[in-house]
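Trainee: Can you walk me through this one? I'd like to start with the surface.

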Amino acid sequence: MKSLNILEDVQRQSGSLLSINIKIFCQQEIPWSDVLNIPLAAYHTHLKSIKSTNELLAEQLEIEHDLAEIEQSKINLLKTFPTSISKKRNCSESVIAKYY
């Protein structure tokens, strides 16, 4: 009977020791998870900043493209404007010459 009590005491002590080890292990897991979460959070922040930068660059390129189209339409308008004036002048001169 005495050996049975000793065995129970050893199991209780080893169980409490195991319980203490599990608690210590769990407390150590929290810092380890932080060690892994911090670089992961930094990586996600980096990805967000890259996405924002790409969106800004795409918008800037779109604005520049729109401005280039406007500039090109101005140039085309200015190119056609003198020819339309000269056509009107020629037409006017021919009408005047016809009557005089």
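Mentor: The chain exposes about 9400 Å², and carbon and sulfur atoms supply 66% of that area. Keep in mind that this is a predicted model.

Trainee: How much of the chain counts as buried?

Mentor: Of the 100 residues of the chain, 0% count as buried.

Trainee: And how many helices and strands are there?

Mentor: The chain has one helix and zero strands. Helix 1 covers residues 2-99.

Trainee: Back to the surface. Which residues form the nonpolar patch?

Mentor: Leu40, Tyr43, Leu47 and Ile50 form that patch. Together they have about 350 Å² of accessible area.

Trainee: Where does Ile50 lie?

Mentor: Ile50 lies in helix 1.

Trainee: Now charges. Which residues gather in the patch of negative charge?

Mentor: Glu55, Glu59, Glu62, Asp66 and Glu69 gather there, on the surface.

Trainee: Take Glu69. Where is its place?

Mentor: Glu69 is in helix 1.

Trainee: Why is Glu69 put down as partly exposed?

Mentor: Glu69 has 45% relative accessibility, so it counts as partly exposed. The cut-off for exposed is over 50%.

Methods
Residues numbered from 1 in each chain as written. Predicted model: local features only at pLDDT ≥ 70, side-chain atom pairs only at ≥ 80, totals over all residues. Heavy atoms only, no water. Patch = residues over 30% accessible without salt bridge, like charges linked within 9 Å, V, L, I, M, F, W, Y side chains within 5 Å. Areas by Shrake-Rupley, 256 points an atom, 1.4 Å probe, with all protein chains shown as cover. Salt bridge = Lys/Arg side-chain N within 4 Å of Asp/Glu carboxyl O. Helix = DSSP H or I, 4+ residues; strand = E, 2+ residues; numbered from the N terminus. Buried < 20%, exposed > 50% of the residue type's maximum accessible area, 1.4 Å probe, protein only. Lys, Arg positive; Asp, Glu negative; His and termini not counted. Charge placed at Lys NZ, Arg CZ, Asp CG, Glu CD.
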